[in-house]
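This report considers how two parts of one chain meet. The sequence and the structure are shown first.

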Amino acid sequence: MSAQVIRGQRKSMSDTMFDVVVYAVAIIVTIATLYPFLNVLAISLNDSVDSVRGGITIFPREFTLENYKVIFTYEGLLQGFKISGLRTIVGTVLGLASASMLAFTLSRPDFQGRRFVSVFLALTMYVSGGLIPAYILMRDLGLIGTFAVYVLPGLVSAFNVFVIRSFIDGLPYALQESAKLDGANDFTIYWRVILPLTKPALATIALFLAVGQWNMWFDTYLYNSSKPALTTLQFELMKVLQSTTQGSDYRDQNMSQVMSQVSPESVKMAITMVVTLPILVVYPFLQKYFVGGMTLGSVKS
Amino acid sequence: MVTVAGQAKTETKAGKRKHFFHIAWQNRYLYAMSLPFVAWVFVFSYLPLWGWTMAFQKFRPGRGFFEQEWVGFEHFKTLFQDDMFYLVMRNTLAMSFMGLVAGFVVPILFAVLLNEVRHMFFKRFVQTVSYLPHFVSWVVVAGIVTKMLSTDNGAINDLLLWLGVISEPIQFMAKGEWFWGIVTASDVWKETGWNAIIYLAAIAGISPELYEAAKVDGASRLRQMWHITLPGIRSTIIILLIMSIGHLISIGFEKQFLLGNNLVVDYSNVLDLYALNYGLGMGRFSFGTAINIFNSVVSLMLLFAANGLFKKITKESIM
């Protein structure tokens, strides 16, 4: 009891009030962030006829997997899953290769082209041609209606290069010099010395790239919307969401068939979950990396 | 005399050149690892800038560059005479400004408050949850926002009804005057946790001795926050403020595209969407490009202005 009294005395009234406010804010933020996701999940796992009655919060009332079974009969979704997965893998691998190689060369004080390349890259962060010149360029390069349009335009990102570069700058240069004395050329140094040591930065950038690729829908809309074979998951979700908010004149035969089997609401929620799930799965594993990477990148650039 | 000096000059020049190529040969692997990507950047980031010439032409697809008809500033004149332009400009600036203020102030507040949470586990949990929305796409967020604001069983309407604030559900998504607020709030919901990361890192760098000293002097937690934490992250705040001002006008259009609908178009149309609809939708490439250029130029001007202003006031700068 005496300990309590002492602690109570130390803590002034205003400090207690302060704590109340702080914890209240933290709890409200947590609920406001998590509730929508849990609500969507619950509705997607609930019987679609029952869902229309409303009142579902974070637990399904009549649990069923029927909504998921039904949406997976929709070909566009399976196709989208494949393309989204493929572009995520290809885009991440190529993006990592370009960013790490450029970062390595930029970190080398003895590299002649360092200043030029650095400025050349940095400028791209502030100036861009805009939507229409980009569209015309893609058309002239023959990239419209191809898978390549998902991967090639965004291959090199200045921000990613600078994040990895500042990480490499933190490594002792003596490592490279001793490798050189052992007869290694610059590529060998990059591959054998730098890449293994840069793993935390690479993991961060891999996460950024993968999430960016997975979440992209606009390039499908702009360049490939008439190619069902190149559709992406986000684009399919976008179509479903737009079609039902605007009173639906859905032209996609297959999709309207799916919609008629369960309610449009359940379809929307189930597809939303399918699109979100892969991110929720990888997110905890990469979390320890991206906090460090984010800080590194923003402070330096 | 003159010839001797001339000779010496050419010799050193030749020597320098020799030296240059010698180093270039030594750098050959480094060149091989960077030049292909430089070429890449040239094609995909710099060539579109060349496309800006379209804004000064009566661009017809299929014709070569030299076969285009040059029209000077005609498209810009058309742009400035279009009533739609001013409406779109108003929407762009309004949503940018609201996004700037909210997207800048809320993460700082959140970081400073979260820093005061004493239970490490709880703090980490809140932080982890808070940046979750950053990783989902705007398509998903738009779906969630629409669901939460919907009139049948949307969480927000249900909550407001339960609290007795309103007597019947509000049609949030159908009211133009709500649109700017909805976009801003969605953005805050999606990015607050993520944007707070950098402030939390900066706060972690403040010396604990300062807090100890303040405690000895009898400063309350609120005063410590005001006199130590906030000044401690001042330079981070200023740098991020300048950077976000630089992006003031190029707020993008994803949110507006996905959250907007025909009922609220007067409030949801922004510069990039305007360029998309007029430029690509109607095939008016030149006019659309003029809008893109206008967007970029204003964006750069804002960046330089903001940077210059802060340089004068605080001696902090990003350039």
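## The interface between the two domains

Across the interface of domain 1 of chain A and domain 2 of chain A, zero salt bridges are found. The model is a predicted one, and between these two domains the count of residue pairs in polar contact, with both residues at pLDDT 80 or more, is one.

On the side of domain 1 of chain A that touches domain 2 of chain A, the elements that give two or more residues are helix H2 (13-44) and helix H3 (48-51) of chain A, and H2(A) gives the most, with five residues. The residues of this side divide into five nonpolar, three polar and no charged.

The domain assignment of chain A places domain 1 at 2-64 and domain 2 at 68-290, and the contact between them takes eight residues from domain 1 of chain A and nine residues from domain 2 of chain A, as set out below.

The C-alpha centres of domain 1 of chain A and domain 2 of chain A lie 34 Å apart. The size of an interface is often given as the accessible area lost when the parts come together. Between domain 1 of chain A and domain 2 of chain A the buried area is about 730 Å², of which carbon and sulfur atoms give 77%. Of the area that domain 1 of chain A buries against domain 2 of chain A, 55% is supplied by A:Val40, A:Ser44 and A:Ser48, which is more than any other three residues supply.

Conventions: Residues numbered from 1 in each chain as written. Chains lettered and ligands numbered in written order. Predicted model: local features only at pLDDT ≥ 70, side-chain atom pairs only at ≥ 80, totals over all residues. Heavy atoms only, no water. Domains from an automatic or database assignment. Contact = heavy atoms within 4.5 Å. Buried area = accessible area lost by both parts, 1.4 Å probe. Salt bridge = Lys/Arg side-chain N within 4 Å of Asp/Glu carboxyl O. Polar contact = N/O pair within 3.5 Å; in protein donor to acceptor, adjacent residues only side chain to side chain. Helix = DSSP H or I, 4+ residues; strand = E, 2+ residues; numbered from the N terminus. Nonpolar A, V, L, I, M, F, W, Y, C, P; charged D, E, K, R; others polar.
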